[in-house]
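Biologist: I would like to learn how to read salt bridges and helix faces in a model. Please take me through them one by one.

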Amino acid sequence: MTEDATVLLFSYGTLQQENVQLSSFGRRLEGTPDAMPGWRRGEIEITDPEVIRTSGKRFHPIVEPGAAADRVAGTVFRITEAELAAADAYEVSDYKRILVPLASGLEAWVYVRR
């Protein structure tokens, strides 16, 4: 990890895949398990051929607000601003990036249903 890796990114989906990380960031990310309380996980169909090629999947998970008891498990990664921009480029327009509080008490960027 580089000295400027100061951004927290939470992933519950394909950004946890090594092949997606290598394609998007040029390196394998190391992260810590965490969760998003109050959110629920669903699925969307991806139509962008480049994203399908990179992830190897036509259907990707997506999250939206849920009940207080709902919880989405995933991984929190420490990345650079440039890597956050690369993640923005990877995600399709069905997603938007927002800051969310995690179960650990950290606050991280995450991609949720637009």
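Modeller: The general idea is that side chains of opposite charge can pair when their charged atoms come close. Here the side chains of E45 and R58 form a salt bridge, with 2.8 Å from N to O. The term means a side-chain nitrogen of Lys or Arg within 4 Å of a carboxyl oxygen of Asp or Glu. This is a predicted model, in which local features need pLDDT of at least 70, side-chain atom pairs count only at pLDDT 80 or more, and totals for chains, interfaces and linings use all residues. Residues are numbered from 1 along each chain as its sequence is written, and side-chain values use heavy atoms, with hydrogens and water left out.

Biologist: Which parts does the pair of E45 and R58 tie together?

Modeller: E45 is in strand β3 (residues 39-45) and R58 is in the loop between α2 (49-55) and β4 (59-65), so the bridge ties together parts 13 residues apart in sequence. Helices (H or I, at least four residues) and strands (E, at least two) are DSSP runs, numbered from the N terminus.

Biologist: Which residues are linked in a network of salt bridges?

Modeller: R40, E64 and R113 are. Within it, R113 and E64 have their closest N and O atoms 2.7 Å apart. R113 lies in strand β7 (residues 107-113) and E64 in strand β4, so this pair ties together parts 49 residues apart in sequence.

Biologist: Which residues of α3 are buried?

Modeller: In general, an α-helix has 3.6 residues a turn, so residues three or four places apart point the same way. In α3 the buried residues are E83, L84, A86, A87 and Y90. They cover an arc of only 155° around the axis, which puts them on the same side of α3. The arc is that of the directions from the helix axis to the C-beta atoms. On the other side of α3, E81, A82 and A89 are exposed.

Note on methods. Buried means under 20% relative accessible area, exposed over 50%, partly exposed in between (1.4 Å probe, protein chains only).
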